[in-house]
Amino acid sequence: MDIILKLLLVAAGVLCQIFVSGIDNVFVQIILLVAGFVLLIKGADWFVEGASKIADKMGIPQLVIGLTIVAFGTSAPEAAVSITAALSGDSVDIAIGNVLGSNIMNILLILGISCLICPLAVQKSTQKYEIPFVILISVLTLGLGYFDGTIGRVDGAIMLALMVGFVIYLLNMAKKGQGSVEEGETAGANDTMWKLICFVIVGGAGIVIGSDVTVDAATKVALHFGMTEKLVGLTIVAFGTSLPELITSTIAAARKKADIAVGNIVGSNIFNLLFVLATTAVITPLPYFTETTSFVVDNIVAIATAVLLLIGVLNKEQKLKRWCGIVMVASYGVYFAYLLMTA
């Protein structure tokens, strides 16, 4: 029965996808935008649950489950939206804006809210290696984009190679028994393999269909209100695709599972840059700055947010404290105001 309900929701998403391209009424487009977000969130939830439990059944270490499958699953909406936008050919600003906007929002808003709920302890490996790695690849993105004004196929290939290196690093950590084992879902007696595979397939379908509906509806709403695609990607679409991270991290913080809250965000930001942006760039070169639009400032803000996160955890207790959460949330307010003023 649970699987049937999931299939019905995905079928509803298919109907939305069929009609969305031919409907121009802005009210209907807003409804479709919300419906697309819901399908994205539920699809990501089912995908993460199914994939995590399959990994658990196969004996894959929980560390790898948490920092790869869970992080990838919560980044799946960003991947689906950005890749769909790139394939459409007329929404490339949404593709790159979605990634940078999500990374900024993940740290400033989501982690900010999470540590306001409860101060978050951070592992030494996250402090010493993973957060600095986020800073490094954010700087790399700025350099690659600024060099010729485009993040092209070669740039995407370089970033994908770094993604492979990061996965190897995680596997080595798992072999050494480092890190938390709390991430991921544990399979129960009723979780048969075929049922979990259905969860993954239905969840993946929900992500893809939801992304199509979201990109189409968001683009039409933006045009109606005179907003630029860059602004839509950095705000509306970024928030919608970051909802899985928001839900996961805030619930984890409320349950005092700091490794999930912090690891989910750091892992998602790495996936967003090295997989989502890289894969999108391999499909089609992405204009980084032109006469009409530029992501330089947004990329610098993404770097600054990662630096702020590192500063926030450099203390004797190795915790992300409430004062840092206040600074993060306030900083996002300033950034959002900047976006509105420059739109």
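1. Accessible areas here come from the Shrake-Rupley method with a 1.4 Å probe. By that method the chain exposes about 14,300 Å², and carbon and sulfur atoms supply 70% of this area. The model is predicted.

2. The chain has 343 residues, of which 54% count as buried. Its secondary structure comes to 11 helices and 4 strands. Among the contacts with a separation of 6 or more, 86% are between residues 24 or more positions apart.

3. One nonpolar surface patch deserves a look. Ile-30, Val-34, Val-38 and Phe-225 make up this patch, which covers about 350 Å². Helix H2, residues 26–57, gives the most to the patch, with 3 residues.

4. Val-38, one of the patch residues, is found in helix H2. The relative accessible area of Val-38 is 39%. Buried means under 20% and exposed means over 50%, so Val-38 is partly exposed.

5. Helix H5 covers residues 124–148, which makes 25 residues. From the first C-alpha of H5 to its last the distance is 37 Å, close to the 36 Å expected at 1.5 Å a residue.

6. H5 has a bend of about 25 degrees at Glu-130.

7. After H5 comes Gly-149. The phi of Gly-149 is positive, near 80 degrees.

Notes:
Residues numbered from 1 in each chain as written. Predicted model: local features only at pLDDT ≥ 70, side-chain atom pairs only at ≥ 80, totals over all residues. Heavy atoms only, no water. Helix = DSSP H or I, 4+ residues; strand = E, 2+ residues; numbered from the N terminus. Expected span 1.5 Å × (residues − 1). Bend = angle between axes of the 7 residues up to and from the residue. Buried < 20%, exposed > 50% of the residue type's maximum accessible area, 1.4 Å probe, protein only. Contact = heavy atoms within 4.5 Å. Patch = residues over 30% accessible without salt bridge, like charges linked within 9 Å, V, L, I, M, F, W, Y side chains within 5 Å. Salt bridge = Lys/Arg side-chain N within 4 Å of Asp/Glu carboxyl O.
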